[in-house]
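Q: I have a structure open and want to learn how to read it. Can we go through it feature by feature?
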Amino acid sequence: QVQLVESGGGLVQPGGSLRLSCAVSGDSLRLYAMGWYRQAPGKQREWVAGISWGGSTNYADSVKGRFTISRDNAKNTVYLQMNSLKPEDTAVYYCNLDRAYGSSTWDWGQGTQVTVSS
């Protein structure tokens, strides 16, 4: 059974940066396209960024140019570097299979809270 453990969130001022990590266990990350998602209070979970097994990346318009997704297959870990953070980036961030797989997902992890506030 695949387990996802997100980490790296925290409280940061507007304009600041954070790097999120997602450790995957139970399967080999190199076989899959992965995505980062987020859910703000009172809103549905939304896709933020995706990376193919070959390393191609895609981003939601709201984060394009500010966020960078990457992967380290040897460490079975996916990362999300977030720069120029805005208050509207405040949410719980999750990783899972990329949206390219449609409704197919692994069980969601606990996520990591990102709060952008002065």
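Q: In which strand is Gln81 found?
A: This is a predicted model. In it, Gln81 is found in strand 8.

Q: Is Gln81 buried, exposed or partly exposed?
A: Buried means under 20% relative accessible area, and exposed means over 50%. Gln81 has 27% relative accessibility, so Gln81 counts as partly exposed.

Q: What is Gln81 in contact with, leaving aside its neighbours within four places in sequence?
A: Two groups of names turn up. Gln81 is in contact with Ser17, Leu18 and Arg19, and also with Arg66, Phe67 and Thr68. Take Leu18 as one of them. Leu18 and Gln81 are 63 residues apart along the chain, yet 6.1 Å separates their C-alpha atoms.

Q: With which side chain does the side chain of Gln81 make a polar contact?
A: With the side chain of Asn83, at 2.9 Å.

Q: How do strands pair in a sheet?
A: Strands of a sheet pair through backbone hydrogen bonds, and the pairing is either parallel or antiparallel. Now the case here. Strand 8 (residues 77-82) pairs with strand 3 (residues 18-25) over six bridges, in the antiparallel sense. Look at Ala23: its bridge partner in strand 8 is Thr77.

Q: What is the strand order of the open sheet of four strands?
A: Read the order as 1-3-8-7, with antiparallel pairing. Strand 1 (3-7) and strand 7 (67-72) are the edge strands, and each pairs on one side only. From one strand to the next, the twist averages 15 degrees.

Q: What is the order in the open sheet of six strands?
A: The order is 2-10-9-4-5-6, and the pairing is mixed. Strand 2 (10-12) and strand 6 (57-59) stand at the edges. Each has a single partner strand, so one side of each is left without a neighbour in the sheet. Neighbouring strands here are turned by 25 degrees against each other on average, direction ignored.

Q: How many bridges join strand 9 to strand 10?
A: Three bridges join strand 9 (residues 91-97) to strand 10 (residues 112-116), and the two run antiparallel.

Q: Are the two cysteines, Cys22 and Cys95, buried or exposed?
A: Both Cys22 and Cys95 are buried. For Cys95 the relative accessible area is 0%.

Q: What does Cys95 touch, not counting residues up to four places away in sequence?
A: Besides Cys22, Cys95 touches Leu4, Glu6, Gly35, Trp36 and Trp108. Pick out Trp36. Cys95 and Trp36 are 59 residues apart in sequence, but 4.4 Å apart in space, C-alpha to C-alpha.

Q: Where does Thr90 lie?
A: Thr90 lies in the loop between strand 8 and strand 9. Follow its side chain next. The side chain of Thr90 reaches the backbone oxygen of Pro87 at 2.9 Å. A polar atom of that side chain also lies 2.9 Å from the backbone nitrogen of Val116. Val116 is one of the residues that Thr90 touches, and others include Ala40 and Gln113.

Terms used:
Residues numbered from 1 in each chain as written. Predicted model: local features only at pLDDT ≥ 70, side-chain atom pairs only at ≥ 80, totals over all residues. Heavy atoms only, no water. Pairing = 2+ DSSP bridges. Axes fitted to C-alpha atoms, helices over the stretch in contact; angles between N-to-C directions. Buried < 20%, exposed > 50% of the residue type's maximum accessible area, 1.4 Å probe, protein only. Contact = heavy atoms within 4.5 Å. Polar contact = N/O pair within 3.5 Å; in protein donor to acceptor, adjacent residues only side chain to side chain.
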